[in-house]
Amino acid sequence: ECEGRRLAATIDDGSKATGLLIVSGGNEIRSGAHAGQAAMAAHFAALGYPVLRYDRRGIGDSEGENAGFERSAADIAAAVLAFRSEAPNMQHVVAFGNCDAAAALALYHHDLNISRLILANPWAGSLLPEEQQRLRSTVDVINRGIRDVSSARARATSTFRDSVMNHDRVKNRALEEVLRGIEDEMRTWMQSARPRDYVEVE
């Protein structure tokens with residue numbers, strides 16, 4: 001239920017601790033264009049991930065008036081709440097959105113219990129200037145994270161290549177310990193990190 005209006009949703013059960021929330025773009029119903037989102041849900045459910053997709057107010061089988069993606073924060077919040085209620089063993093919610101659904105997630109996810117975002121082609125054409133700035137800031141954070149990870153991976157690859165070429169057993173053991181430590185730290189961080197968290201790369 002969203003602000004007194006009933007939302008229609010479809011949930012696919014799964015036993016994994018991470019679930020996928022699919023947010024429809026435009027005025028699409030929860031099955032998606034050419035049933036693409038329904039197929040996506042079936043694919044991930046078959047892998048054991050719980051999946052929820054829904055119609056926002058005024059779309060498809062849901063009650064209320066369609067106020068557009070700019071006013072869909074309450075709809076997303078209601079979907080997250082319902083998803084966690086229906087899948088009580090789920091610990092993390094990954095939200096996927098395309099076009100204006102991606103823009104809505106980028107704008108409104110900060111106050112929601114969402115662990116990660118997958119944003120495809122975010123739409124910003126009809127946003128207010130301050131909303132466009134918030135979207136750009138979110139995209140900048142994502143791009144910076146991608147660059148940092150790529151840079152760190154390139155340095156690790158270079159170190160590994162040098163180690164193999166030199167074949168120094170002492171250095172190899174040291175490298176193995178460093179890589180094991182990085183893996184442990186990343187595993188810990190991924191379990192506790194929230195949206196917009198980052199790690200300084202030295």
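**Reading a buried residue and a buried strand**

Author: Let us begin with Asp-55, which has a relative accessible area of 0% in this predicted model, and which is therefore buried, since that term applies to values under 20%.

Reader: Where in the chain does Asp-55 lie, and which residues does Asp-55 touch?

Author: Asp-55 belongs to the loop that leads from strand 3 (51-54) to helix 2 (73-86). Leaving aside residues up to four places away in sequence, its contacts are Leu-7, Ala-8, Ile-29, Arg-30, Gly-60, Asp-61 and Ser-62. For Asp-61 there is also a polar pair to inspect, in which a polar atom of the Asp-55 side chain lies 3.1 Å from the backbone nitrogen of Asp-61.

Reader: Which strands pair with strand 2, and in what sense do they run, parallel or antiparallel?

Author: Pairing is read from the bridges between strands, and strand 2 is joined to strand 4 (residues 92-98) by 6 of them, the two running parallel, with Gly-19 opposite Val-93 of strand 4. Strand 2 also pairs with strand 3, over 3 bridges and again in the parallel sense, and here Leu-21 stands opposite Leu-52 of strand 3. Between strand 2 and strand 3 the chain passes through helix 1 (residues 36-46), forming a β-α-β crossover that is right-handed.

How values were computed:
Residues numbered from 1 in each chain as written. Predicted model: local features only at pLDDT ≥ 70, side-chain atom pairs only at ≥ 80, totals over all residues. Heavy atoms only, no water. Helix = DSSP H or I, 4+ residues; strand = E, 2+ residues; numbered from the N terminus. Buried < 20%, exposed > 50% of the residue type's maximum accessible area, 1.4 Å probe, protein only. Polar contact = N/O pair within 3.5 Å; in protein donor to acceptor, adjacent residues only side chain to side chain. Contact = heavy atoms within 4.5 Å. Pairing = 2+ DSSP bridges. Right-handed = clockwise from strand over helix to strand, strands pointing away.
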